[in-house]
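Please look through the structure shown below with the following numbered points beside you.

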Amino acid sequence: MTTLIEPRTARLQLRQWQQQDREAFAAMTADPEVMRYFPAPLTRAQSDAMADRCEALMAERGWGVWAVERLEDQQFIGIVGLHVPQAELPFSPCVEIMWRLARHAWHQGLATEAARAALAVGFDHVKLADIVAFTTTSNLPSQALMQRLGMERDLAGDFAHPALPEGHPLQAHVLYRLSAAKFAAT
């Protein structure tokens with residue numbers, strides 16, 4: 001039996017998925033503003049399938065893409081976590097840090113707080129040497145978060161995402177990295 005790692009911060013609980021998260025997650029992934037840097041909003045079936053994968057991988061590994069709950073009201077506010085990308089990327093194999101929060105949770109420092117907790121799991125418990133993050137070139141808010149986390153742009157690693165067709169406006173991606181040594185020094 002794998003032990004679940006469920007980090008807690010001053011304001012947040014990163015935890016295994018619960019059935020009641022599905023409704024809020026579906027609403028979040030159907031929001032065009034939340035999904036503007038992704039190819040399209042998700043249908044309810046796509047959202048549920050993603051939640052099922054996240055839950056199963058978390059149960060298998062003990063870590064992964066957590067449901068994020070605000071402690072003050074136990075409200076699901078989004079997802080943050082560590083993920084092994086399925087797409088064959090130029091820098092695979094790798095573990096990426098990723099996040100997606102509902103609009104009501106934006107601009108409060110919650111993504112940064114949750115992402116720092118996820119990085120700590122990746123480096124302190126999973127013992128990863130480095131963690132990457134990537135996004136489309138136009139996603140400046142996520143790039144700013146990557147920089148706040150101490151990640152550095154890997155210019156040689158920028159790439160055209162293979163899951164998107166040639167010429168798609170979101171195909172060009174930037175790559176950021178953070179090493180365990182740099183994380184430990186912060």
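1. Glu-55 and Arg-22 form a salt bridge, with their closest N and O atoms 2.6 Å apart; a salt bridge here is a side-chain nitrogen of Lys or Arg within 4 Å of a carboxyl oxygen of Asp or Glu. Because Glu-55 lies in helix α2 (residues 44–61) and Arg-22 in helix α1 (residues 21–30), the pair ties together parts that are 33 residues apart in sequence. Helices (H or I, at least four residues) and strands (E, at least two) are DSSP runs, numbered from the N terminus.

2. Arg-22 is buried, with a relative accessible area of 4%, whereas Glu-55 counts as partly exposed at 28% relative accessibility. The word buried stands for under 20% relative accessible area, exposed for over 50%, and partly exposed for what lies in between (1.4 Å probe, protein chains only).

3. Please keep in mind that this is a predicted model, in which local features need pLDDT of at least 70 and side-chain atom pairs count only at pLDDT 80 or more, while totals for chains, interfaces and linings use all residues. Residues are numbered from 1 along each chain as its sequence is written, and side-chain values use heavy atoms, with hydrogens and water left out.

4. The structure holds 15 salt bridges. One of them joins the side chains of Arg-11 and Glu-113, at 2.7 Å from N to O; this pair links distant parts of the chain, with Arg-11 in the segment before β1 (12–15) and Glu-113 in helix α3 (residues 110–125), 102 residues apart. Arg-11 counts as partly exposed at 34% relative accessibility, but Glu-113 is buried at 16%. Elsewhere, Arg-15, Asp-21 and Glu-69 are linked in a network of salt bridges.

5. Helix α3 deserves a separate look. It has 16 residues and reaches 22 Å from its first C-alpha to its last, close to the 22 Å expected at 1.5 Å a residue, where the expected span is 1.5 Å times one less than the number of residues. Since 12 of the 16 residues of α3 are buried, the helix is largely enclosed by the rest of the structure; among the buried residues are Leu-110, Glu-113, Leu-119 and Phe-123. After α3 comes Lys-127, whose phi is positive, near 65°.

6. What is the nearest side chain of opposite charge to the buried Arg-100? It is Glu-96, which is 8.4 Å away, and Arg-100 has no salt bridge; in this count Lys and Arg are positive and Asp and Glu negative, while His and the chain ends are not counted. Arg-100 lies in strand β4 (residues 96–101) and, not counting residues up to four places away in sequence, touches residues including Met-28, Phe-38, Met-50 and Ile-77, contact meaning heavy atoms within 4.5 Å.

7. The largest nonpolar core has 34 residues, and those with the most contacts inside it include Trp-66, Trp-99, Leu-119 and Met-151; such a core is a set of buried Ala, Val, Leu, Ile, Met, Phe, Trp, Tyr and Cys residues joined through side-chain atoms within 4.5 Å. Helix α3 gives the most to this core, with nine residues. Leaving aside its neighbours within four places in sequence, Met-151 is in contact with residues that include Ile-97, Ile-131 and Tyr-176. A second, separate core of 14 residues includes Phe-25, Met-28, Val-34 and Met-35.
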